[in-house]
Amino acid sequence: MSTESPKPAVRRTRLTPEREAELYEAVLAILREVGYDALTMDAVAARTHSSKATLYRQWRGKPELVANALRHNKPGSLEGVDTGTVRGDLHAMVCQADAEQMEKDTALLRGLGHAVHTNPELHRALREVLVEPEMGWLDEMLRRAVRRGELTADNPAIPFVAHMMIGGFLARPLIEDRAPDAEFLTHYVDAVIIPALGV
């Protein structure tokens with residue numbers, strides 16, 4: 001577990017989107033190279049030619065920085081997706097990332113698995129930055145489907161859509177030793193999630 005202590009939040013100087021993206025790419029590159037526990041703010045500062053003070057002005061510590069880097073590079077999201085059907089929305093989400101990006105992200109998530117369970121700060125940051133926003137957009141997508149009449153409000157599969165989606169992303173590397181790609185996930189949506197919802 002990292003011994004780096006979170007720093008108190010201070011007034012932030014706004015980074016340009018380009019500089020922010022550069023920092024996030026560096027964080028993910030180091031994460032792939034050494035894993036979460038060995039990643040340090042010193043290493044990120046050196047890789048990006050910035051100071052630790054600059055990093056701590058933007059993020060309270062390593063967990064928040066890593067969570068935001070993952071959010072910036074996440075393979076798919078329901079944010080802003082509204083095709084008019086549940087199937088269309090789910091297809092739009094899983095088709096957002098190319099195969100190379102999906103492979104990189106699968107390796108990252110695999111490397112983070114242990115750290116999430118042993119580091120409460122990282123777990124909390126991932127929930128706040130990644131999980132809760134996506135759950136909000138997923139809930140809104142499903143509420144739209146209920147309003148359209150595609151789903152009934154008491155459909156027993158609705159509470160498990162997120163679990164099914166996560167299963168599609170995580171199970172393929174374990175079972176087939178292959179990263180999930182858009183083709184696989186599209187078939188998964190059609191074969192598993194859509195029938196479960198009775199659409």
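H49 is found in the loop that joins α2 (41-48) to α3 (52-58); helices here are DSSP runs of H or I of at least four residues, numbered from the N terminus. The model is predicted, local features need pLDDT of at least 70, side-chain atom pairs count only at pLDDT 80 or more, and totals for chains, interfaces and linings use all residues. Residues are numbered from 1 along each chain as its sequence is written, and side-chain values use heavy atoms, with hydrogens and water left out.

The phi angle of H49 is near 55°, a positive value in a residue other than glycine. With a relative accessible area of 74%, H49 is exposed (exposed means over 50% relative accessible area, buried under 20%, and partly exposed in between, with a 1.4 Å probe and protein chains only). D177, in the loop between α8 (161-176) and α9, also has a phi near 55°, again positive in a residue other than glycine. D177 is exposed, at a relative accessible area of 64%.

The loop between α4 (62-72) and α5 contains N73. This residue, N73, is buried, with a relative accessible area of 11%. N73 and L28 are separated by 45 residues in sequence and by 8.9 Å in space, C-alpha to C-alpha.

Helix α7 covers residues 120-148, 29 residues in total, and spans 40 Å from its first C-alpha to its last, close to the expected 42 Å (1.5 Å times one less than the number of residues). A bend of about 45° occurs in α7 at R127, the bend being the angle between axes fitted to the seven residues ending there and the seven starting there. The N-terminal end of α7 is capped by N119, with a side-chain oxygen 3.0 Å from the backbone nitrogen of E121. Just after α7, G149 has a positive phi of about 90°. Buried residues of α7 include L122, L126, E134, M141 and R144.

Two packed helices are described by the distance between their axes and the angle between them. The axes of α5 (residues 86-94) and α9 (residues 182-197) come within 9 Å and cross at roughly 150°; axes are lines fitted to C-alpha atoms, for helices over the stretch in contact, and angles run from 0 to 180 degrees between N-to-C directions. Helices α5 and α9 are therefore roughly antiparallel to each other (over 145 degrees; under 35 is roughly parallel, 65 to 115 roughly perpendicular and the rest oblique). For α5 and α7, the axes come within 10 Å and cross at roughly 160°, so α5 and α7 are roughly antiparallel to each other.

Methods: Helix = DSSP H or I, 4+ residues; strand = E, 2+ residues; numbered from the N terminus. Polar contact = N/O pair within 3.5 Å; in protein donor to acceptor, adjacent residues only side chain to side chain.
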